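Colleague: Please take a close look at a single part of this model, and describe how it is built up and what its residues do there.

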Amino acid sequence: MRDLRLWGLKKSPWVYHVAAASCNNCDIEILELLTPRYDVERFGVVLVGSPRHADALLVTGVINRKSLPRVLEVYEQTPKPCLVIAIGTCACNNHIFRNSYNAVGPYDKHIPVHAYIPGCPPKPEAMILGVVKALSKL
Amino acid sequence: MSTWFSGWRLIVGFLVTVIGVPVVGLVLTWVDRFVSARVQWRKGPPFYQPFADILKLLLKQTIVPQGVARTAFLFAPVVGIAGMTLVAMLIIYSNFNTVVNQQSSFIGDIIVLLYCFALVPISFIIGASASGNPVAAVGASREMTLYLGYELPFVLAILIPVVKVTQQWGVASALRIGGLVAYQQQFGPLLYSVSGVIAAVIILFTIQAKLGYVPFDIPEAEQEIMSGVIVEYSGAPLALFRITRAMAFVLLPLFLITLLWGGLRDWWALLKFLLIVVLIVLMKNTNPRLTIHQALRFFWFILAPIGIIGLVLAFIGL
């Protein structure tokens, strides 16, 4: 039973894109990832419109005091075997906003993060690699 | 034919409809995604992709949000899947009864079929309204409007073969699927006439709307209102909704073939079925989404008059 569930999760990770005040650069790269050029649908990855349908949250950008409650809410709305993949250096460790007065820290201070994909912005290939590593560690 | 034998046949038919139709439907969902991928010059997912999706959803956590009418919320997907199973039973049993074919079902089963097809949008509306989400409410109102739109031309298109059979054999066999199939086995498919072509075109557009495919995917516009009617669903109920859609994807082309293109009793039916499916997928891939008032105008003021013209032609005998 557990193997079946794991197989299903690995073969069809549906992703939801959470942009918590990013500079839009990582978002553009995520959109690039979902275009026919990289064709992640062949791994079963589908971009869904609602966090209720999602298995993986692609989080980008640095969290500030305004966006933290929203991010937490989205995380709570996701059904629970769910991956969180931090995309971009801002999401991993705050990057240049490290000492900023309104940045409330990288994602792993607030929600469990399963994969870190650094880069400003990371390449789509790096994102695929990161997601594959996160899935193979399940 | 002993009672034991007929009982055995009923059980086999039941297993085929309950297990076979969803499985074929999921494979067809893969065909849909594969053809879409090829249209967009991609590779596309492997064939087990829909099964992995359904399996994952079935084994995932199901969230029932606060403020939801719990019973209606969880019962709505069951309504849809029950309606589709009933349709599958009616169509398959009427087509494959060994004693061909007039008496295989009851008088008026085509009307029952109409209502059973209506259970799918009704289940979506119930589920969306019960979930209490404003986005789902928008989706539900759009689903209702779309249903009111396509049901009128759909009924007109169904009346065309009924009228044609009535002129020869009377109403009692025309209101039976078995009667329609037997008529077509004797006189050739109803599609090969002017009114038959009109009916087929109308039913093709209606299939597109009933499946929620792209020119008419207004109720669950993913990019616009976040999957609309199913926005609050997760886990097993969402899987049931997807299975319902997959079953509809099998049954609506089967219904079109049964009604107009000579029934399912020969091997050509398989080829016809694949042709219709690919046609639907290509229509899906080459059209942008309409707005709801465009869709309503299309169904009421373009397709419905065409349907009335087809009905008049059928009365004349063309």
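Modeller: In this predicted model, the lining of the largest pocket draws at least two residues from each of strand 1 (14-19) and strand 2 (46-47) of chain A, and from each of helix 1 (3-39), helix 2 (49-58), helix 9 (222-225), helix 10 (236-260) and helix 11 (268-285) of chain B. Helices (H or I, at least four residues) and strands (E, at least two) are DSSP runs numbered from the N terminus, while a pocket is an open set of points on a 1 Å grid over the protein atoms alone, where a 1.4 Å probe fits, with protein on both sides within 12 Å along at least five of seven lines, and its lining residues have an atom within 4 Å of a point. Residues count from 1 along each chain as written, with chains lettered from A and ligands numbered from 1 in written order. Local features need pLDDT of at least 70 and side-chain atom pairs 80 or more, whereas totals for chains, interfaces and linings use all residues, and side-chain values rest on heavy atoms without hydrogens or water.

Helix 10 of chain B gives the largest share of this lining, six residues. The pocket has a volume of about 1700 Å³, taken as the space filled by probe spheres set on the grid points. Of its 46 lining residues, Val46(A), Leu47(A), Glu222(B), Gln223(B) and Lys284(B) lie nearest the centre. Lys284(B) also lies over the face of Tyr213(B), 4.5 Å from the ring centre, the criterion being NZ of Lys or CZ of Arg within 6 Å of that centre and within 35 degrees of the ring normal.
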